[in-house]
Amino acid sequence: MSKNNLTKVAAPLAAVAVSLSLLATPVAGAQTLPSAPSVEQMSSQIQIGKFLGLSEEQAWAQRNDLIKQIKTINNPQVIPVLEQAVDNTVNAVFPGLVARKNAEIRAEQERLEREHAAQVAREQAAAQEAARIAEEQRKRNEFDRGPCPRDADACVDIDRNRSWLQDDNGNVTHVAEWISSGARTPGLATPRGAFNVQYKVKDEVSREFGNAPMPYAIYFTNTGHAFHEGSPAYDSHGCIHLQHQDAVAYWNDLQVGDKVFIF
């Protein structure tokens, strides 16, 4: 260490020594914790020689160890004086180290706080999304299911032009609020009762009606009755017409063997 650095630190340490001599005077009735160091013991530890020859990281570790010991002293008045003495000594050997390390600590704390805030925001968003989904589920389940049993995978209410999908627990998972079925004409009406999905043809056409398109066809009888995309504004020839988004949902959900209930 240079003579200039020794001169820089000598005055602060001398002032600290005077302050410690005053603060170290015993107070009547005060007791020192058996495991805590005394002011005199800690003062003797704050020596420039303890930091000479150390790397910056080693010096910072030594500084933190001394600060930790100082905080155990049973004399709140002297703690900040000793802490300042330690930092003055470290800065005398490694100018600017304390400020730089404290800045790094603050930056790390701010980073952790940002990460925590982001995590809280993500959790709040997830909770809000879960609440939204639960509310949608509640709304799906509160409408009149009529006689459709809970073990049905798809339900069709012909008289009210509506249909919906159900999961294995009988919960409504998708509602097609506008559909059309077969015309109220003998031979064209959609059959009512319990059925099962027979097979599916995604790009189906009706050969009986001039290759008319029947996208996302899901047959539930062996006589040509199926769910498929088609305009609900028109009666069908026995099939269930679904709007595009509903036809896709039914295609993705219903599998061969699934139960279809029409009433």
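I70 lies in helix α3, which spans residues 56-70. Helices here are DSSP runs of H or I with at least four residues, strands are runs of E with at least two, and both are numbered from the N terminus. The model is predicted, so local features need pLDDT of at least 70, side-chain atom pairs count only at pLDDT 80 or more, and totals for chains, interfaces and linings use all residues. Residues are numbered from 1 along each chain as its sequence is written, and side-chain values use heavy atoms, with hydrogens and water left out.

I70 counts as buried because its relative accessibility is 0%. Buried means under 20% relative accessible area, exposed means over 50%, and partly exposed falls in between (1.4 Å probe, protein chains only). Neighbours within four places in sequence aside, I70 is in contact with M42, I79, L82, E83 and V86. Contact means heavy atoms within 4.5 Å. V86 is 16 residues from I70 in sequence, and the C-alpha atoms of the two are 9.8 Å apart.

The structure holds one disulfide, defined as a pair of cysteine sulfur atoms within 2.5 Å. The bond joins C148 to C155, with an S to S distance of 1.9 Å. The link is left-handed, at -70° about the S-S bond. C148 and C155 are both buried.

The largest pocket holds about 500 Å³ of space. Its lining comprises 24 residues, of which S206, F209, M214, H237 and C239 are the closest to the centre. A pocket is an open set of points on a 1 Å grid over the protein atoms alone, where a 1.4 Å probe fits, with protein on both sides within 12 Å along at least five of seven lines; lining residues have an atom within 4 Å of a point. Volume is the space filled by probe spheres set on the points, which are joined across faces, edges and corners. Strands β5 (199-206), β6 (212-219) and β7 (226-229) each supply at least two lining residues. The largest share, five residues, comes from β6. The lining divides into nine nonpolar, eleven polar and four charged residues. C239 is buried, as its relative accessible area is 9%.

The protein chain contains six helices and nine strands. Of its 263 residues, 34% are buried. Among contacts with a separation of 6 or more, 57% are between residues 24 or more positions apart. The chain exposes about 15200 Å², and carbon and sulfur atoms supply 53% of that area. Accessible areas come from the Shrake-Rupley method with a 1.4 Å probe.

Note on methods. Ala, Val, Leu, Ile, Met, Phe, Trp, Tyr, Cys and Pro count as nonpolar, Asp, Glu, Lys and Arg as charged, and the others, Gly among them, as polar.
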